Amino acid sequence: MIRWNEFTKGIVKENPVLILMLGLCPLLAVSSTAINGLGMGIAAMFVLVGSNIVVSLLRKFIPDGVRIPVFIIIISTFVTVTDYLMAAYYPSLHKNLGVFVPLIVVNCIILGRAEVFAYRNNIFYSVLDGIGMGLGFTVVITIIGMIRELIGNGSIFGFGNFVSYPALIMILPPGGFITIGFLMGILNWYRQKHR
Amino acid sequence: MEEINLIGIFVSALLINNILLIRFLGLCPFFGVSGRVKSSLGMSMAVFFVMTTASIVSWMLYHWVLLPLQLEFLRTATFILVIASLVQLEEIFMKKFFPNLYKALGVYLPLVTTNCAILAVAFFNIDYNHSLIQTIIYAWGVATGYTIAIVLFASIRERVALAPVPEALKGYPIAFFIASLMSLSFLGFKGLFGL
């Protein structure tokens, strides 16, 4: 019997961004276009799955007292790998994301999952959890990127021109704050209605 | 020439590229502790303290240890460990020598470790090729900008807590709207002094 809910919980019920309010900085900063959001989401997911696997494999050997520094070392290893891979194969995306690629290391989602889940569960469930949580983050950041890009630039993933008078403000910093404010407001409204 | 350059760095970090409202860094505590002016002041003092020391130490490590040994790829892991241990050290130091200050800042110090603004400033100092003096000035500028933004934000939130806000927008959503408007006004500093 496989507990599939370990996979699905990250996408909806325990969505790391909208429900747990974790990882806000990259969410707002790199979601100015859909493609940047997607790139950031995939990079974070790669680090999350990698660190979950290693933490779960080593969980019997990591002494309880120093587990947080050990987690940080493991995470920063994967972040460095991601940083250099992205710089080599997707240089323009790497340039757009800038300092936010190395900053994945302080993303609370990843350290949080290592501490709460991977340190206490076997490797199979840790991978499922990593993919689920990573997808939850990727979906939200891509949706915000799509909304901001559509209103602010009139395109989706860099294609098309759907809006004749794009509101530039949406791809500038204020647009990021107001988009996520509206998303959370709508989510709250929906939850209050369906209680 | 050097002095003008330093003033430019300070003003740019303080207003034009305000770390919270324009750069989107360090947002978790921005929303977390900004409910009251007093706690936001405590947080920003802790940030000021840690940001200055962390920038100096990481600059020295990068230029005097990592560069000569050609270990640049280790900077992510090094910086995060430096910041984490520095915060611990400062906590012990303060407890022993400045118990009053420790009482005021104690709760906020551990929170600063996970503040991505600190790590980001360490990276920016390397990426922008700052000298040691410029590093210190930049860290002060960023920390002062942080203080201005978070204290203004907290004072607005204290007022809004008493205002009749629609049920679905209470709490975080309205806070994001406030942040959006503040960010909009900070955009107005763009082009100040031709920077």
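Select Q70(B) to begin: with 7 C-beta neighbours inside 10 Å, this residue counts as exposed (a residue is exposed if 12 or fewer other C-beta atoms lie within 10 Å of its own, buried if 20 or more, and partly exposed in between, with C-beta atoms placed from the backbone). Q70(B) lies in the loop between α3 and α4 of chain B; helices (H or I, at least four residues) and strands (E, at least two) are DSSP runs, numbered from the N terminus. Although Q70(B) is not a glycine, its phi is positive, at about 55°. Most residues other than glycine have a negative phi.

The model is predicted, and local features need pLDDT of at least 70, side-chain atom pairs count only at pLDDT 80 or more, while totals for chains, interfaces and linings use all residues. Residues are numbered from 1 along each chain as its sequence is written, and chains are lettered from A and ligands numbered from 1 in the order in which they are written.

Next, select F24(B), in the loop between α1 (2-16) and α2 of chain B. Is F24(B) buried or exposed? F24(B) is buried, with 27 other C-beta atoms within 10 Å. F24(B) is not a glycine, yet has a positive phi of about 60°.

Along the principal axes, the C-alpha atoms of chain B fill a box of roughly 60 × 45 × 30 Å. Of the 195 residues in chain B, 40% are buried.

Within chain B, select helix α3 (residues 37-66) and helix α7 (residues 116-127). These two helices of chain B pack at an angle of about 40°, with their axes 9 Å apart; axes are lines fitted to C-alpha atoms, for helices over the stretch in contact, and angles run from 0 to 180 degrees between N-to-C directions. That angle makes α3(B) oblique to α7(B) (under 35 degrees counts as roughly parallel, over 145 as roughly antiparallel, 65 to 115 as roughly perpendicular and the rest as oblique). To see the contact (C-beta atoms, placed from the backbone, within 7 Å), highlight residues including V47(B), M51(B) and W59(B) of α3(B) and I118(B), V121(B) and I126(B) of α7(B).

Finally, show both chains together. Their contact takes 31 residues from chain B and 31 residues from chain A. On the side of chain B that touches chain A, the elements giving two or more residues are α2 (27-32), α4 (75-97), α7 and α9 (172-187) of chain B. Which element gives the most to that side? α9(B) does, with nine residues.

Conventions
Two residues are in contact if their C-beta atoms, placed from the backbone, lie within 7 Å.
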